[in-house]
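Trainee: I have just opened this one and would like a friendly tour. Could we go through it together?

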Amino acid sequence: MKKIILFVAFLSFTSLAAQAQGFTLGLKAGISSSNVDLKNPSANFTQFKEEGSITGFHAGVFTRFNVAGFLLQPEAVLSSSGGKFQVPNQDGTGTSVQEIGFTNIDVPILVGYKLLFLRAYAGPVASVLINSESDVQDYKDSFESADWGYQIGAGVDISRLTADVRYERLKRAYTDPNNGNVDFRNRQVILSIGYKLIGK
């Protein structure tokens, strides 16, 4: 149901924007550097320590509605992210590095301002989890299927090309009666290149 609501919301924004001046439709793709920290961990997660970041990828579609410099930009993006942890070995002999990865459909709804070829914006992002992978165990069934976060960033437009840099913060709530509860806080720095199919 949450996936259907997000999809309908994106189509509604796109339909409204398409009827107005200043409408842009384009494709985008890029890379990200992401890591994960833990908040409010239960006993089974207190010994997990953040180890480092991983490189993620994304691709999708963006729309933009621009009136007098003010802009509304809904998007739908398939993305990958995650992070690394130091995890105690089950035999008690030290620790090992474990990687966890997320594959999502992200729907940012950004509001901002454009001056000449420069843009600045911020807004919420809804993220629907498609898959989660780990080096050690399967976490996917214990994660919330959809969560909210935020993005803030800036970009430039040169003719039909766009380039953006963003910071994203997203919470993944994990609940498992056998392994405990914890919030996985996913942080990303996102770099994107886009091409405008419609609009300027």
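Trainee: Which residue in the turn between E7 and E8 has a positive phi?

Mentor: Strand E7 covers residues 146-158 and strand E8 covers residues 161-176, and the two pair in the antiparallel sense over 10 bridges. Along that pairing, Gly-149 stands opposite Leu-170 in E8. The two strands form a hairpin with 2 residues between them, and the turn residue with a positive phi, about 60°, is Ser-159.

Trainee: Where in the chain is confidence lowest?

Mentor: The mean pLDDT of the chain is 83, and 80% of its residues reach 70 or more. Strand E3 (residues 54-67) has the highest confidence, at a mean of 95. Where pLDDT is low, the predicted coordinates should not be read in detail.

Trainee: Which residue is the bridge partner of Tyr-167 in E9?

Mentor: E8 also pairs with strand E9 (residues 180-198), in the antiparallel sense, over 16 bridges. Within E9, the partner of Tyr-167 is Val-189.

Trainee: Is Val-189 buried, partly exposed or exposed?

Mentor: Buried means under 20% relative accessible area and exposed means over 50%. Val-189 has 42%, so this residue is partly exposed.

Trainee: Which elements give two or more residues to the nonpolar patch?

Mentor: The patch covers about 710 Å² of surface, and its residues include Ile-31, Phe-57, Tyr-150, Tyr-167 and Val-189. The elements that give two or more residues to this patch are E7, E8 and E9.

Trainee: Is Ala-146 buried or exposed?

Mentor: Ala-146 is found in strand E7. The cut-off for buried is under 20% relative accessible area. Ala-146 has a relative accessibility of 14%, so this residue counts as buried.

Trainee: How many residues apart in sequence are the parts that Arg-64 and Asp-157 tie together?

Mentor: Side chains of opposite charge can pair when their charged atoms come close. Arg-64 forms a salt bridge with Asp-157, with the closest N and O atoms 3.2 Å apart. Because Arg-64 lies in strand E3 and Asp-157 in strand E7, the separation in sequence of the parts they tie together is 93 residues.

Trainee: What is the relative accessible area of Lys-196?

Mentor: Lys-196 forms a salt bridge with Asp-157, the closest N and O atoms being 3.7 Å apart. Asp-157 is itself buried, at 7%. Lys-196 is buried too, with a relative accessible area of 1%.

Trainee: In which strand does the salt-bridge partner of Arg-166 lie?

Mentor: The side chains of Arg-166 and Glu-75 meet in a salt bridge, at 2.6 Å from N to O. This pair links distant parts of the chain, 91 residues apart: Arg-166 is in strand E8, and Glu-75 is in strand E4.

Methods:
Residues are numbered from 1 along each chain as its sequence is written. Side-chain values use heavy atoms; hydrogens and water are left out. pLDDT is the predictor's confidence in each residue, from 0 to 100. Helices (H or I, at least four residues) and strands (E, at least two) are DSSP runs, numbered from the N terminus. Two strands pair if DSSP finds at least two bridges between them. Patches are made of residues with over 30% relative accessible area and no salt bridge: like charges are joined within 9 Å, nonpolar side chains (Val, Leu, Ile, Met, Phe, Trp, Tyr) within 5 Å. Accessible areas come from the Shrake-Rupley method with a 1.4 Å probe; for residues, only the protein chains shown count as cover. A salt bridge is a side-chain nitrogen of Lys or Arg within 4 Å of a carboxyl oxygen of Asp or Glu. Buried means under 20% relative accessible area, exposed over 50%, partly exposed in between (1.4 Å probe, protein chains only).
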